Amino acid sequence: MEGVEGGDAGSAVAPLAKWRDEFSRTFQYYLDRSTPNPVHRWLGTLAVAVVYVLRVYYIQGFYIVSYGLGIYILNLLIGFLSPKVDPELEADGASLPTRGSDEFKPFIRRLPEFKFWYSITKAFCIAFLMTFFSAFDVPVFWPILLCYWIVLFALTMKRQIMHMIKYKYVPFSIGKQRYTGQRPAAANSD
């Protein structure tokens, strides 16, 4: 008899585990399909962000959730703009090139673009869900939070830009460089 009862509990869990695995596989499939389309991914995130902002605007609340979201996004931005190997901490030659005679080393981000996008999108979705629970609607004077976040953003970006200037790296590229080579001699004489 006990074996039958254990079988019932196992059979009740099996469909749930099967559904979770199927959902996980489907979710990963769509994530993998979205990887080569950064413009579409960011447009989707922009749409999610607009929905969140409109919800907060119409409810006139959840400013502390928005502040926490802003701090989290600022933290992600720092990781996105920072090199994987910090030249300040590395003295063994694995740092970024600082002189023209140094060997070229590509800029590798601490937080890759896909993970940056995924984390921001997930953060907006979680913050949106939090707006449905009144426990997260802490009454605050939002202009002070906004001013504090702007000051924090300005100081953090100033420090990050100074770090970029000091170690001579740019975390952005404008696509692949194309070299045309030399023109044939006949084309130069015309």
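Me: What makes the link between the side chains of S82 and Q160 a polar contact?
Reply: This is a predicted model, and in it the two side chains come to 3.4 Å. The cut-off for such a pair of N or O atoms is within 3.5 Å.

Me: What else does the side chain of S82 reach?
Reply: The side chain of S82 reaches the backbone oxygen of I78, at 2.6 Å.

Me: Why is S82 called buried?
Reply: Its relative accessibility is 4%. Buried means under 20%. The value is under the cut-off, so S82 counts as buried.

Me: Where in the chain is S82 found?
Reply: S82 sits in the loop between α3 (63–81) and α4 (113–130).

Me: Which residues is S82 in contact with, leaving aside neighbours within four places in sequence?
Reply: They are F107, I108, R109, R110 and Q160. To be in contact, heavy atoms must lie within 4.5 Å.

Me: Now R41. Where is R41 found, and is R41 buried or exposed?
Reply: R41 is found in helix α2 (residues 38–59). Its relative accessible area is 5%. Exposed needs over 50%, and buried needs under 20%. So R41 is buried.

Me: Which residues is R41 in contact with, leaving aside neighbours within four places in sequence?
Reply: R41 is in contact with S34, T35, E113, F114 and W117.

Me: Which residues touch the most other members of the largest nonpolar core?
Reply: Y52, L69, F116 and F124 do, in a core of 22 residues. The elements giving two or more residues to this core are α2, α3, α4 and α5. The largest share, 8 residues, comes from α3.

Me: What is Y52 in contact with, leaving aside neighbours within four places in sequence?
Reply: The list is F62, V65, S66, L69, F124, A127, F128 and T131.

Me: How do you know where empty space is left?
Reply: A probe the size of a water molecule is rolled over the atoms, and that shows the empty space. Here the largest pocket has a volume of about 500 Å³.

Me: What lines the largest pocket?
Reply: The lining has 15 residues, and V56, Y63, S66, Y67 and L146 lie nearest the centre. Elements that give two or more residues are α2, α3 and α5 (142–167). The largest share of this lining, 5 residues, comes from α3.

Technical notes. Residues are numbered from 1 along each chain as its sequence is written. This is a predicted model: local features need pLDDT of at least 70, side-chain atom pairs count only at pLDDT 80 or more; totals for chains, interfaces and linings use all residues. Side-chain values use heavy atoms; hydrogens and water are left out. Helices (H or I, at least four residues) and strands (E, at least two) are DSSP runs, numbered from the N terminus. Buried means under 20% relative accessible area, exposed over 50%, partly exposed in between (1.4 Å probe, protein chains only). A polar contact is a pair of N or O atoms within 3.5 Å; within protein, one must be able to donate a hydrogen and the other to accept it, and residues adjacent in sequence count only if both atoms are side-chain atoms. On a 1 Å grid over the protein atoms alone, a cavity is a set of points where a 1.4 Å probe fits but cannot get out, and a pocket is an open set with protein on both sides within 12 Å along at least five of seven lines; lining residues have an atom within 4 Å of a point. Grid points are joined across faces, edges and corners, and a volume is the space filled by probe spheres set on the points. A nonpolar core is a set of buried Ala, Val, Leu, Ile, Met, Phe, Trp, Tyr and Cys residues joined through side-chain atoms within 4.5 Å.
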